[in-house]
Every structure is written in C-alpha cells, then in structure tokens.
Amino acid sequence: MANFDWHAERTDLSGLTLLDRAPESEGINLKSVRLYRQAQVRKEMLKYDIDAVILSDPINIRYATGTRNMQVFSMRNAPSRYLLLTASRSILFEFTGCLHLAEGYETIDEVRQAETASFVAAGPEIETRERRWAEGMNKLISELIGRPGATVGLERLNAGTAIALKELGLNVVDAQRPVEMARAIKSPEEVKCIIASLRATEIAVGKLRDAVRPGLTENELWSVLHKSVIEQNGDYCETRLLSAGQRTNPWFQETASYKIKENELVALDTDVVGCHGYYSDFSRTFHSGPATPTQEQKVLYRVAYEQVHHNMNILKPGMTFREYADQAWDIPAKYYANRYYLSAHGCGMTGEYPYLYHRGDFPDAGYDGVIEPGMVICVESYIGEEGGSQGVKLEQQVLITETGIEILSEFPFEETLLHE
C-alpha cells in the first residue's frame, strides 16, 4: 500500500517522514510526542524498580516508540513483535520482513527480527522454542543491565516463556502498572494528537448522522463511520457499538443486520483508534425520523445529558476517585439496573487507567487514586429502564487542566431530543 505525500510530488521521503507530514500532523511535534512517551515509561520503570520491560501489546509498543505494524494482527499473535526497553536501550524485535518499518525512529536504538514463540509458529516444538526464546532474552537483558537476576516486567506472553524466564533467574513482574501509569498523563503535544483524532472522528460521525434513515441496516450505517475514519488516516474501530430501536436496550448489543425503522433511536459509541493511534471515544444518540421524537425518547435523552454534564462539572485536579464517586450524579432507581458499568474512565491510545466507578459499585470494584492535570477522561452515561424498549447512550471526552476541565469532543448534541 502506498504512502502519500500530500505536500509535494516527492518519492525520496522515508515512511516516517511521510507519516509526520500527513495533514492530521500539521502543528504537532511528533518527535516530541515519541520522546515524552518513552521517557514516561522509563520514569515509571525507575519508580517501581523495574530494570527492563518486554512489551508485546502493540498499543504499548506504539506508545513507547511510535512504531506501528499490523496492530490488530499483533494483538492476537503475541509475541510476533516485541520491544525490550531498559533505562538506556530500546531494541525492537520486528515481525519477519518488516524491519524497515522502524527506520528513522529516534526511540529505537536497534531493530532485530522477532522470534515468534507461539504454538502456531513452533508446533510440537513449542517448549523448545519458548526455552530458546527465554535463554536469548535472559542473556541479552543480563548484558544490558550488567548483572544476572534483573527485574523484568512482562505482558501478554505465552505462559511457557514467562515460566522459563523465571526459571533462568529473572525476577518477573507485571509490566501493566508502570505502562498504564506512564500513559495516564498526556503532554501538550499528545493532547494535540488526541484533538486531531477527535476532529477526524467527528467528521466521520457527521457523515453517519447524515446517513441515518429508516430502511438502512445498522451494518450499512456503521460502515459509513469506518470508511471515513480510514479515509482520514485513522486506524480502526475497536468495538461494534451501534444499535437502533429496541436493540438500544440493554446496551452492548453489537451492530447487526437489523433494519432501522421509522422514528427509532440510533445510539453509538465511537471507540475509534484514530489518527496517530489515539482513541476518539464519545457517544451520541440520534433519531431516525421522519416524525419528531416522542416524549419518552426526549426524557431518556435529557436524563443521560444531565448525568454526563453533572459528572463533567465535578471533575477537577486533586479530586480523589472516592470523592468523585461520592459526588457523582445519582442514577434514578428505574435506570440503575441498566447503568453503564463505569461512571468515567481514562483515555489515551485506548480506554485506560483510571476507571471511575459509580458510588454503588465502589465498595466492590472501585479503587482510590487522584485525578491529575494531563489526564484525559471520558464521562459515560447509558439511560434505559430494565425491560424497556429503548435507551440513550451519551459520552464526552475531556482534558483535566490545572483548574478544571477542557471539553475535547465537540460533536453537537441533538436539539430535537434535548428541547421541546
């Protein structure tokens, strides 16, 4: 697939240069973004006394280096490509035939060919492959750290490889905590990436909204979003959350061949991994027409709108997760059973730390922490009665600032559902 240079008829530019010069990159220092993110990971590694991490989640590899390669494929084929990161060295083990993709990245010191330690790749020799993989990695880590028995953070590797690393004397810990904590605080240049991703997704949602009409299937309507996201150099939609009519209640019914009827609600959650790999995560509910919305539809919409805006307005730096739960909007009893599973959540290159739980769920599921400047938070609402015939999904994406919040998602709400 060709890379296009929108600015000049040149063919002497590397793949990295082409990506940095694309329209959605205008005004963003992507080198600064990459260096900040890698420094964040190293800072958290130091904080938790981790000598090295082996990252196999392609989203975390992208966060730590800026490199992208077959992201969805890599998610289900770990470790087909992986990153070894220490305090002073970054070695990317890239998929066979793809080593050239990491050329020019200041976040990569060396590129090597990955050895896939999976049953698909090794067949009945999997135990031998895993042991060889672990021995090679142990040797390399010991050389880089300067001693045996290093503390190594792992994620998404075969159990056999992790066990082998442990048996070879490494102190194996989970890499998820330092990486999630690193990702939680965005730099100003990262926020620009998020905004670029949101603006592209808002264009896509606008096209989808314009296409809403009775007789169209949910799948046909959902494809409008996908097409526009890809056209604008976004990556993919992480979920299939668009539903219409009675399929809007309960929530989490995947997009299907259901034909939209007249005067039904059509609800969606974008969940778009968009430009620069950043998550555009807002939800809207539309009306299929041609008549005006019913009173019941308007009430559901207004209640969801009230929940989102109340919870947005209480967010502030320094607030604890417990305080947020205590001050969050009270869900009316008739909507409580079908409540969305979270009140709000962190957002960056995917949905991420922290999870902010409803007050009623906090004792069993919640944990404490502090809302900090630089966090991006998605505030959620789903309103629909248990056993009801329809429901409304709304969500807003905001940045925590030094004094409060900045609303990042600008797609408008529905005036016909919000007002008389």
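Predicted model: local features only at pLDDT ≥ 70, side-chain atom pairs only at ≥ 80, totals over all residues.
Residues are numbered from 1 along each chain as its sequence is written. Local features need pLDDT of at least 70 and side-chain atom pairs count only at pLDDT 80 or more, while totals for chains, interfaces and linings use all residues; side-chain values use heavy atoms, with hydrogens and water left out.

**Exercise 1. Classify the ring pair of Y82 and F93, and state which strands it ties together.**

Step 1. Rings of Phe, Tyr and Trp (its six-membered ring) pair if their centres lie within 6.5 Å; planes under 30 degrees apart count as stacked, over 60 as edge-to-face and the rest as tilted. This rule gives 16 aromatic pairs.

Step 2. Helices (H or I, at least four residues) and strands (E, at least two) are DSSP runs, numbered from the N terminus. Y82 belongs to strand β2 (residues 82–86) and F93 to strand β3 (residues 90–94), so the pair joins parts that are 11 residues apart in sequence.

Step 3. Buried means under 20% relative accessible area, exposed over 50%, and partly exposed in between (1.4 Å probe, protein chains only). Y82, at 2%, is buried, and F93, at 7%, is buried too.

**Exercise 2. Find the ring that lies under the charged end of K393, and the cluster to which Y340 belongs.**

Step 1. A charge sits over a ring if NZ of Lys or CZ of Arg is within 6 Å of the ring centre and within 35 degrees of the ring normal.

Step 2. The charged end of K393 sits over the ring of Y340, 4.6 Å from its centre.

Step 3. Y340 is linked by ring pairs into a cluster with F252, F321, Y341, Y353, Y355, Y357 and Y367.

**Exercise 3. Locate N233 and H276, and decide whether each is buried, partly exposed or exposed.**

Step 1. N233 is not a glycine, and its phi is positive, near 70 degrees. N233 lies in the loop between α10 (218–231) and β7 (236–237).

Step 2. The relative accessibility of N233 is 24%, so N233 is partly exposed.

Step 3. H276, also not a glycine, has a positive phi of about 65 degrees. H276 is in the loop between β10 (272–273) and β11 (279–280).

Step 4. The relative accessibility of H276 is 13%, so H276 is buried.
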